[in-house]
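Please keep the sequence and the model in view while reading.

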Amino acid sequence: MIRFSKQQLKIPQLQRPVYLVTAGQSKFDRAIVDRRTEELCIDAFTMAASLLNLSPAELKRYIHSCYYGHFADHFGDQLLGEAVIHDRLGLDPLGNVGIKTGGATGGSALWEGLKAVASGYSDCVLVMGWERMDEVPTDEGNFLISCAADKDWESPLGHIYTGYYAVMAQRYWQIFGKSEDSFRRTLAEIAVKHHRYARFNPFAQAPMDITVDDVLNSPVVAYPLRALDCCLMSVGAACAVLCDENTADALTAGSPNKPLRMWVAAGSHTLRPADRLDMKIPLLPNEEEGQYDDLAERFPGGDRYPGFTGFLAARMAAYYGYGMSGITDPSEDLDVVELHDAFTISDVQTYEDIGIRPYGYGRDYVESGDCYHTNPYTNEPGKLPSNLSGGLIGCMHAVGATGIMQTFEIATHIWNRWEELHGDQALWHRFDRQKPADWTSLQVTGARRGLAISHAGVGSHVTATILMDPDHLIR
Amino acid sequence: MSTFGQVFVKNNKYKPQGSFHHLTPNTPIRDADNDWKLLGVTNPRDMTYIHSYGGEAVFFESLSKKRLMATRCDSPDCDSRGTVYMPFRIHCPDCLCRNSIIDITDTAKTTATIHTFMVCERSGAFNLLEKPIKFINIEFKGVDTILMSYLAVGEPRFGQKVLPVFRTLEPTYTILDLSWVVDGTAESDLPQGFSF
């Protein structure tokens with residue numbers, strides 16, 4: 001039984017406000033055969049500078065320290081890759097550090113960069129993440145990813161991470177989905193949605209116009225998860241620049257980018273789900289004491305928490321992040337979210353972990369239409385659109401960059417620049433991609449606040465990055 | 001001299017024997033759509049890691065002896081005293097004292113049931129299990145955690161009673177030496193090299 005002390009439940013405090021002023025990213029793809037990683041990082045940085053109407057050299061003058069997210073040295077076969085990128089960006093001799101927390105690496109890099117600014121160590125930092133997953137064939141890539149499970153107890157069991165999620169999918173489907181076909185179709189609907197939104201994103205790797213039946217008929221990877229339930233394996237880079245208030249004002253003076261208030265919080269749980277002891281569900285501000293007392297009556301078998309159906313790390317990241325930023329109800333306080341849809345099942349699990357829906361009712365977020373840009377049942381704007389980038393299923397999962405890509409996407413909505421940055425015909429052309437004839441702007445009208453969840457392992461590390469228009473803070 | 005690298009320990013030092021890596025030449029990667037222009041190079045590499053099980057070695061050694069070892073916190077002042085861990089944890093996560101090693105073979109034989117499962121059709125490279133692989137997560141009476149393993153015989157379902165089987169013939173000394181079969185499986189149906 002995990003018991004929290006008062007000290008452990010303290011809401012984190014920043015010494016001063018931190019602002020996101022710009023962000024950028026490269027093209028994402030399964031393989032990028034003619035560009036080195038440093039070229040992709042320079043693409044991302046150059047874009048970030050251009051959003052401020054600055055040259056890269058002008059932006060670099062403000063940067064004081066750097067936080068690099070690169071998950072897997074063994075994928076790129078390069079230890080100290082951070083030093084390579086730092087050098088190629090021309091940022092020596094500034095201090096830099098590499099951050100590695102699996103799938104949450106991008107979010108964790110933002111977490112470290114935020115703390116550097118909040119503490120006063122730096123007034124302006126670069127957070128850059130990348131991954132190079134095309135240097136090995138896919139089955140060897142799956143092997144390398146499985147090395148992020150316990151190498152003695154889990155990895156030898158198939159060497160495939162999808163399997164470690166599939167046992168969760170099975171448990172969740174049978175307990176909370178009541179083994180209903182309709183629940184399985186709801187999972188498939190998530191994949192349809194994310195591949196569809198990827199069609200409108202020039203950076204995205206896997207745009208597809210598919211149906212629920214296409215997902216349900218795609219090859220089984222680890223039953224009940226099929227190929228189209230799974231995230232991508234990608235190459236690409238993304239970056240963000242974080243500042244204190246004075247630097248943020250100076251950097252954005254000549255650009256449409258408004259400095260966005262930023263908070264990042266983190267949680268963790270055991271690498272092996274096997275080790276997760278039963279515990280009382282920690283509550284978020286929009287939940288009430290006792291509301292889960294009868295969970296096992298409503299969903300027989302649902303009495304073990306987090307068991308194989310919840311992610312305590314995500315719940316704790318949300319607990320800290322909501323406390324820092326004043327969020328009391330994510331569905332009411334937020335306008336857009338990017339969630340870590342490594343698999344369709346983990347997307348649903350996360351809806352509950354971060355309080356978009358109560359435990360047991362995650363499917364309703366999809367079935368109500370609330371998660372869409374435009375609710376397909378009402379034709380009205382979705383209440384809380386999610387993964388308009390296409391997410392990890394449709395856009396990319398270049399692991400070290402993913403959490404930063406999500407943050408870039410959220411920021412473009414709050415800046416009201418989503419349409420400009422995703423609809424640019426020149427960008428589609430530069431990426432050698434065809435802009436669809438039915439291209440649709442997914443700009444969330446009037447977006448003021450957003451959240452990105454970055455998630456590692458089978459829930460070993462999770463970060464919650466929250467952005468707000470400073471004129472629409474909650475407190 | 002063995003083709004494969006082998007290691008023993010003498011005087012507290014690793015003594016590698018045999019071949020630990022194999023040299024394979026690089027080859028160029030060229031662009032078939034662009035006049036076979038050079039794009040990169042392959043970097044083949046075959047290495048053998050030398051890995052210590054540390055305090056978990058007893059668990060892996062015991063599998064070949066048909067015993068399933070777990071651990072328990074017996075620290076008198078620990079809030080988690082009495083918590084039983086399978087997977088084996090060397091130290092209590094609360095007090096960080098060294099746990100007691102306990103034999104739960106009989107508990108496993110009488111109380112193991114499937115908590116959840118999945119059937120894996122695709123694997124990563126270097127997988128040694130026959131596909132489809134039936135992953136199972138197993139509950140035991142009196143054990144506080146849920147072990148991940150694989151079902152060798154039978155069809156998985158929630159609550160299905162399962163029995164441990166152990167690779168006693170040519171053990172690998174890895175977690176693959178432990179598998180499970182549904183209750184009622186005959187000895188003659190066990191995978192080659194395994195026994196109850």
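**Backbone features and the chain interface**

In chain A, the loop between α15 (363–367) and α16 (391–394) contains Asn387(A). The model is predicted, and in it Asn387(A) has a positive phi of about 50° although it is not a glycine.

Pro224(A) has its place in the loop between β5 and β6 (225–226) of chain A. In chain B, a cis peptide bond runs from Lys131(B) to Pro132(B), where omega is near -5°. Pro132(B) belongs to the loop that lies between β8 (113–120) and β9 (133–139) of chain B.

Attention now turns to the interface. Here 41 residues of chain B are in contact with 36 residues of chain A. Between the two chains an area of about 3600 Å² is buried, and carbon and sulfur atoms give 63% of it. Of the area that chain A buries against chain B, 22% is supplied by Asp152(A), Trp153(A) and Leu157(A), more than by any other three residues.

A salt bridge is formed by the side chains of Asp77(A) and Arg45(B), with an N to O distance of 2.9 Å.

Which elements of chain A each supply at least two residues of the side that touches chain B? They are α6 (138–146), α7 (161–175) and β5 (220–223). The largest share of that side, eight residues, comes from α7(A).

Chain B, for its part, is divided into domain 1 (6–41) and domain 2 (54–195). The C-alpha centres of these two domains lie 35 Å apart. Strand β1 of chain B (residues 6–10) includes Val9(B). Together with Val7(B), Tyr14(B) and Ile50(B), Val9(B) makes a nonpolar surface patch of about 340 Å².

Terms used
Residues are numbered from 1 along each chain as its sequence is written. Chains are lettered from A and ligands numbered from 1 in the order in which they are written. This is a predicted model: local features need pLDDT of at least 70, side-chain atom pairs count only at pLDDT 80 or more; totals for chains, interfaces and linings use all residues. Side-chain values use heavy atoms; hydrogens and water are left out. Patches are made of residues with over 30% relative accessible area and no salt bridge: like charges are joined within 9 Å, nonpolar side chains (Val, Leu, Ile, Met, Phe, Trp, Tyr) within 5 Å. Accessible areas come from the Shrake-Rupley method with a 1.4 Å probe; for residues, only the protein chains shown count as cover. A salt bridge is a side-chain nitrogen of Lys or Arg within 4 Å of a carboxyl oxygen of Asp or Glu. Helices (H or I, at least four residues) and strands (E, at least two) are DSSP runs, numbered from the N terminus. Domain bounds come from an automatic or database domain assignment. Contact means heavy atoms within 4.5 Å. Buried area is the accessible area (1.4 Å probe) that two parts lose on being put together, summed over both.
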